[in-house]
Structure formats: structure tokens, C-alpha cells
Amino acid sequence: RYFSSFGHTYAVVMVGQIVGAAAQPFILFAPTKLAALWFGEKERATANMLASISNPLGIAVASLASPRFESMDQLLWVYAIPAGAGAVLTTVVFCIWGARPPIAPSASAVEEKTSFWQGLKQFWRFKSYVLLLLSWGGGVGLFNALQTFMEQLLCTRGYSDAFAGLCGALLILCGIPGALIAGLIVDHTRRYKEVVKVCYLMASAALIWFTVVIRYQDEEILIGVAISMFGFFALAMLPVSLELGVECTYPHMSEATSAGLLLMMGQLVGIVLVFAGDIPGLVTQLDPMDAPNNTCFANSTSSTHRSSFFSPVTPTPASSHPSTVPDLINFSWTMSGLAVLVSISMTVFFWPRYQRIEHERAVSLSSERLSGTRETDNVTPVN
């Protein structure tokens with residue numbers, strides 16, 4: 001993508017994007033494995049949270065910082081330098097410390113897991129994991145779709161691009177303390193399912209609130225609060241759900257495999273929801289009464305005006321074509337309905353076993369009994 005700035009074609013940009021996207025799973029799937037191998041029982045969720053949340057945090061920082069740079073050359077250097085530094089540091093760390101610590105932090109870290117293909121063949125046997133997979137896919141898909149359509153949802157009611165950008169930043173920035181708090185709670189209490197159920201319910205309530213208030217103009221405060229609340233509870237589910245995936249499938253799937261399937265399902269549902277943004281009925285024409293207030297671009301979401309792989313389009317102000325501006329309020333209600341369905345499913349049907357924790361407790365109890373037996377054998381009888 002950097003080389004595309006030297007006068008190359010739009011196709012070069014897309015090739016760079018594809019290469020970066022292909023490399024991203026190796027980073028996104030790593031936190032759960034990293035936490036399992038390097039951290040103890042009461043540290044894993046927090047470690048997973050810190051590693052997992054770094055990705056959306058980087059996106060939020062980049063989104064807020066980008067408008068402050070005057071030229072594209074400056075912006076490209078700002079993006080290229082951290083990427084290069086991260087690649088160098090990762091290489092150095094693995095060369096010096098290796099993939100595993102010299103002493104395993106927990107009993108589960110010593111156990112050998114099944115191979116990727118074996119785990120992939122039998123994940124459907126774990127009903128709790130399958131429900132988590134579907135629910136997580138719905139939750140992440142909704143989060144991604146809301147980020148994608150944020151501007152289109154708000155501009156039809158007269159909200160500016162700057163406010164839409166602020167809402168996108170709030171979605172992530174308010175989620176970081178939520179993920180931190182959730183990680184600390186489950187590390188100290190082991191109440192994974194209780195925390196994740198509360199997060200699903202509260203995130204659904206926040207999304208419904210957002211859908212209601214965006215129908216009205218000049219409600220920036222209420223919209224900001226709704227988005228902040230949704231981000232807080234939606235991102236809080238990230239480390240907890242990844243750890244829950246391991247608990248549901250241990251030791252039959254490796255940590256990276258269980259986390260990878262969850263993340264891939266979220267991306268797939270997100271793609272489906274983005275394409276659903278063109279379905280007639282879910283997307284309607286803007287009411288003529290609201291047309292004078294909208295700040296949208298007429299061809300930003302219409303399938304007939306999307307940019308192709310080789311030819312990006314230049315947006316046209318909506319005011320020149322008021323009849324072509326799409327209204328996504330029905331689509332927003334559809335997302336809210338999906339959120340409610342996911343929340344109810346998780347609350348009523350999700351009752352997992354913490355198989356990794358049970359294994360570690362059994363190993364610990366066995367070690368204590370063995371240690372007690374040895375101490376008894378070493379006691380000298382008193383005459």
C-alpha cells in the first residue's frame with residue numbers, strides 16, 4: 001500500500017490491502033494462545049484482553065490522528081513506521097525468548113492439544129461452543145456492520161461526518177475500559193458465563209436505544225451515550241468469549257483454533273450484514289420530509305454506484321439527487337432484532353462446563369494429595 005503513493009494504480013492499493021488482510025489472522029488468533037502458554041490461571045483473561053484490545057485501539061488512534069496530517073506522504077510514514085517497528089520487535093522477541101516459557105505457568109499449558117484438522121472436525125460436538133460460535137458471530141458482525149454504516153445511519157438525519165467519526169471513535173474507546181473491567185472480573189471470580197450474558201443483554205439494550213434516538217435530529221448527547229454504552233459492553237465480550245471458547249473445547253481443540261473459528265464467524269456475519277445493506281425493504285428511500293436535512297452522499301451505499309476494484313468513484317452531494325439517498329432505519333431495526341435474538345439465546349441456553357479449569361483443579365488436587373502422602377511417609381515414628 002505504501003508503494004501505491006508513488007503514482008501506481010488503484011489495483012496496487014488493493015493488492016497491498018489483500019496481503020495485509022491475509023496476514024492479519026496470524027495476529028488476531030494469537031492472544032488466546034499467548035495467554036494460555038505464558039500466563040497463569042488468574043492472569044489469562046487479562047493478558048488476552050490486553051493483546052486482543054490492541055487491534056481496535058490502534059484503529060481508533062489511527063482514525064483520530066489521520067485528519068491531523070496535512071499530506072498523504074506524512075500519513076503513509078506514520079502508518080509505515082509502527083508497522084515496521086512491530087515486525088522487527090516481534091522477530092527479536094521470538095528469537096530471544098522462543099514460543100514457550102522455560103517453566104509452564106499452569107497445568108493446561110503442559111498438555112499437548114490435538115492438531116488443527118482434528119479439532120476442526122470435532123468442534124461441532126461441543127454444543128456450548130457451537131452456541132457461543134453463532135452468538136459471537138452475530139455480536140461481532142453487528143459491531144462491524146454498525147461501524148461500516150455509522151455515517152449512513154446518521155447523515156440522513158442531518159448529523160455531520162465529524163460527529164459520525166466521533167461516534168466511531170467512542171465505539172472503540174469506551175470499549176477498552178469495558179474489556180479491562182471484564183477481564184479483571186473473570187480472572188478473579190471465574191464467572192465467565194455470567195459476565196458474557198450481562199454484556200450481551202446490555203449491548204442489545206444500547207443498540208435498541210441507538211436505533212430509537214437516531215430517528216430524531218439534534219440528539220447528539222443521547223446518541224453518544226448509546227454508542228458509548230454499546231461499545232463498552234460489546235468489546236467487553238471480546239476477551240471473555242475467547243477464553244470461554246477454550247474452556248468449552250479443552251483439550252480437544254487448541255487455543256488458536258477455537259479463537260480463530262470465533263473470529264472468522266464474526267467476520268463472515270459482518271460481511272453478510274454489509275451486503276444486507278442493499279436489500280430492498282431493509283433499505284428504503286429517504287422520506288422527502290427529511291431530505292433537506294441530510295448530509296449524505298447519494299452514491300455512498302447504493303449498489304449501482306459502488307466503486308469497482310480498479311475504478312473508485314467520486315461521491316456526489318446528496319442534495320443534487322435527494323431521491324436516491326437510502327434510509328437505513330429499517331436495517332438498524334433488523335440489527336437490533338438480531339441482537340435481541342442472540343442475547344436471549346445466550347441467556348437461556350448457554351450453560352458451559354469450564355473444562356480447562358476443571359482439569360487444572362484436578363491436577364492441583366492430585367499434586368496436593370501426592371505431596372501430603374510423601375510428607376506422611378517421611379515422618380519418623382515417636383517411641
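User: What makes up the lining of the largest cavity, by class?

Analyst: In this predicted model, the lining of the largest cavity has four nonpolar, two polar and two charged residues. The nonpolar class takes in Leu and Ile, and the lining residues Leu 153, Ile 214, Leu 328 and Ile 329 belong there. Asp and Arg count as charged, which places Arg 157 and Asp 327 in that class. Gln 152 and Thr 156 are the polar residues of the lining.

User: How many cavities of 30 Å³ or more are there, and what is the volume of the largest cavity?

Analyst: The count comes to one cavity of 30 Å³ or more. The largest cavity has a volume of about 40 Å³.

User: Why is Leu 170 called partly exposed?

Analyst: Leu 170 has a relative accessibility of 22%. Buried means under 20% and exposed means over 50%; Leu 170 therefore counts as partly exposed. This residue lies in helix α8, which covers residues 161–173. Beyond residues up to four places away in sequence, Leu 170 touches Gly 175, Gly 224, Ile 227 and Ser 228.

User: Why does Trp 38 count as partly exposed?

Analyst: The relative accessibility of Trp 38 is 30%. Trp 38 is in helix α2, residues 30–38. Its contacts, leaving aside neighbours within four places in sequence, are Trp 97, Gly 98, Ala 99, Arg 100, Pro 101 and Pro 105. A further pair is Trp 38 and Ser 106, 68 residues apart along the chain, with C-alpha atoms separated by 8.7 Å.

User: Which residues have the most contacts inside the largest nonpolar core, and which element gives the most to this core?

Analyst: The largest nonpolar core has 73 residues, and those with the most contacts inside it are Leu 146, Met 150, Leu 154, Phe 210, Ile 223 and Phe 230. Elements giving two or more residues include α7 (127–155), α10 (192–213) and α12 (255–276). Helix α11 gives the most, with 15 residues. Among the residues that Ile 223 touches beyond four places in sequence are Leu 154, Phe 163, Phe 210 and Ile 214.

User: What is the average pLDDT, and where is the pLDDT below 50?

Analyst: The protein averages a pLDDT of 80, and 83% of the residues score at least 70. Over residues 298–323 the pLDDT is below 50; this stretch has 43 contacts in the model beyond near neighbours in sequence.

Key: Residues are numbered from 1 along each chain as its sequence is written. This is a predicted model: local features need pLDDT of at least 70, side-chain atom pairs count only at pLDDT 80 or more; totals for chains, interfaces and linings use all residues. Side-chain values use heavy atoms; hydrogens and water are left out. On a 1 Å grid over the protein atoms alone, a cavity is a set of points where a 1.4 Å probe fits but cannot get out, and a pocket is an open set with protein on both sides within 12 Å along at least five of seven lines; lining residues have an atom within 4 Å of a point. Grid points are joined across faces, edges and corners, and a volume is the space filled by probe spheres set on the points. Helices (H or I, at least four residues) and strands (E, at least two) are DSSP runs, numbered from the N terminus. Buried means under 20% relative accessible area, exposed over 50%, partly exposed in between (1.4 Å probe, protein chains only). Contact means heavy atoms within 4.5 Å. A nonpolar core is a set of buried Ala, Val, Leu, Ile, Met, Phe, Trp, Tyr and Cys residues joined through side-chain atoms within 4.5 Å. pLDDT is the predictor's confidence in each residue, from 0 to 100.
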